[in-house]
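Open the model in your viewer and follow the stops below. Each stop says what to select and what is found there.

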Amino acid sequence: MSFYGNMPAGGALEGAVPTLFEVLAAQEVDGLLPVALRYVLVKYWAERRPGRWSLACAGWFDEWCSLGLKGALEWYHLGRHDAAFVDKYYGLQQYDCSGQEGARAYISLALDGKLDQWPQKLRLRKSQRLVLWLQRVLAPYFRAKLDALHTRLQVRDALSPVQQWFKRLYPHFKRAWLLLDLCARLAFLSGATQSTSLLEWVFKVGYTRVLVPLHKEQATGPREYTRPPHYNSASVKHDMRTLLSQGWRIAAFTGSQVFPSCMFALKVYQWWIGQDLTTKLLRQINSIDKEIPRPPTDLTLRDLGSGNCPVCSLPITNPAIIETGFTMCYPCAVGYLREHEGRCPVTDARLLGCTFNADSGEWDVLPSVRKLLL
Ligand SMILES: [Zn+2]
């Protein structure tokens with residue numbers, strides 16, 4: 001399913017060159033997928049059934065998913081389709097643009113419908129595929145690890161010279177790289193280059209929309225084999241192979257349909273969770289006031305009738321009431337709250353009226369205490 005593949009081709013080359021937004025959108029989805037997968041994994045497996053396997057799976061997520069799974073997936077897609085996994089679903093494709101003029105000529109021929117197959121000269125070379133794979137798989141993995149290391153070093157005091165050097169230079173290095181990448185993108189946007197990143201520009205890798213078929217079979221359609229039913233080992237092998245390739249085709253088709261649906265479902269789910277969280281927070285904010293007991297206005301007080309002061313354990317003199325609804329002697333209440341950071345002597349709950357006064361270095365507790373006039 002190519003989202004932008006059906007856009008009308010404009011002038012000679014405009015139709016083949018994807019906009020920067022298409023490239024960025026594909027990259028955004030590429031970055032979102034592991035995050036979404038990790039969220040689902042942790043929320044629905046590791047949190048509900050914490051065990052050896054689920055925790056190891058969550059703990060080594062970067063290694064098995066970002067390196068293993070994504071690495072294999074990208075390697076397969078780059079090798080077979082000259083496009084990264086997500087790019088393929090956005091209808092984008094990469095090609096060898098080392099012969100600049102030749103490449104442009106080929107693409108404009110293809111746009112005019114004069115080529116019935118993707119020209120071999122435009123297929124990526126092995127070294128280019130390797131660079132793209134490094135850029136897609138290894139670079140994000142190591143960037144995340146180095147970022148984490150840099151954050152850890154920020155709070156450590158005793159550092160070796162190498163660590164100090166790394167701590168000082170890493171942000172500069174990252175900034176410089178980002179700036180160069182931005183220049184490459186601007187050059188792409190202005191039409192000066194066909195590559196969207198610095199590495200791609202150095203290794204002459206261009207971006208295009210998939211407008212011409214990649215393989216000859218796709219151009220001419222699958223060929224039918226009509227053989228007389230004559231059973232021997234070769235024919236059985238051939239039948240098995242046909243069956244397998246049919247199965248593979250069905251699996252690929254199902255995958256191509258299921259994948260965008262899953263992405264859509266994930267987006268809806270993300271939106272739903274966001275909504276849920278907002279209402280939950282709003283409800284909590286609204287109920288804060290309700291959770292605080294109102295100071296009783298009549299004399300049916302919990303401690304005043306029967307009990308003594310909870311602080312000094314003597315009959316209450318000079319009664320006062322605090323936010324949690326308990327009564328005690330006024331001097332006891334003020335003294336206790338000042339000494340215990342504004343916590344109720346009975347429930348140990350922090351009283352909202354008590355605040356720390358930084359100027360005097362004391363707890364300001366008077367707003368929490370009300371004198372009772374009996
Ligand atoms: Zn007392």
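Begin with how α3 passes α6: the crossing is right-handed. The model is a predicted one. To see this crossing, select helix α3, residues 61–81, together with helix α6, residues 126–154. Their axes lie 9 Å apart, and the packing angle is about 165°. With angles over 145 degrees counted as roughly antiparallel, α3 and α6 are therefore roughly antiparallel to each other.

Next, show the side chains where these two helices meet. On the α3 side, select Asp62, Ser66, Leu67, Lys70, Gly71, Glu74, Trp75, Leu78 and Gly79. On the α6 side, the partners are Arg129, Leu132, Trp133, Arg136, Val137, Pro140, Tyr141 and Ala144. Coloured by class, the contact of α3 with α6 shows nine nonpolar, three polar and five charged residues.

Is the crossing of α6 past α7 left-handed or right-handed? α6 passes α7 in a left-handed crossing.

For the last stop, select Leu146, His150 and Leu153 in α6, which meet Gln163, Lys167 and Tyr170 in α7. By class, the contact of α6 with α7 contains three nonpolar residues, two polar and one charged.

Conventions. Residues are numbered from 1 along each chain as its sequence is written. This is a predicted model: local features need pLDDT of at least 70, side-chain atom pairs count only at pLDDT 80 or more; totals for chains, interfaces and linings use all residues. Axes are lines fitted to C-alpha atoms, for helices over the stretch in contact, and angles run from 0 to 180 degrees between N-to-C directions. Helices (H or I, at least four residues) and strands (E, at least two) are DSSP runs, numbered from the N terminus. Angles under 35 degrees count as roughly parallel, over 145 as roughly antiparallel, 65 to 115 as roughly perpendicular and the rest as oblique. A crossing is left-handed if the near helix is turned anticlockwise from the far one by less than a right angle, and right-handed if clockwise. Two residues are in contact if their C-beta atoms, placed from the backbone, lie within 7 Å. Ala, Val, Leu, Ile, Met, Phe, Trp, Tyr, Cys and Pro count as nonpolar, Asp, Glu, Lys and Arg as charged, and the others, Gly among them, as polar.
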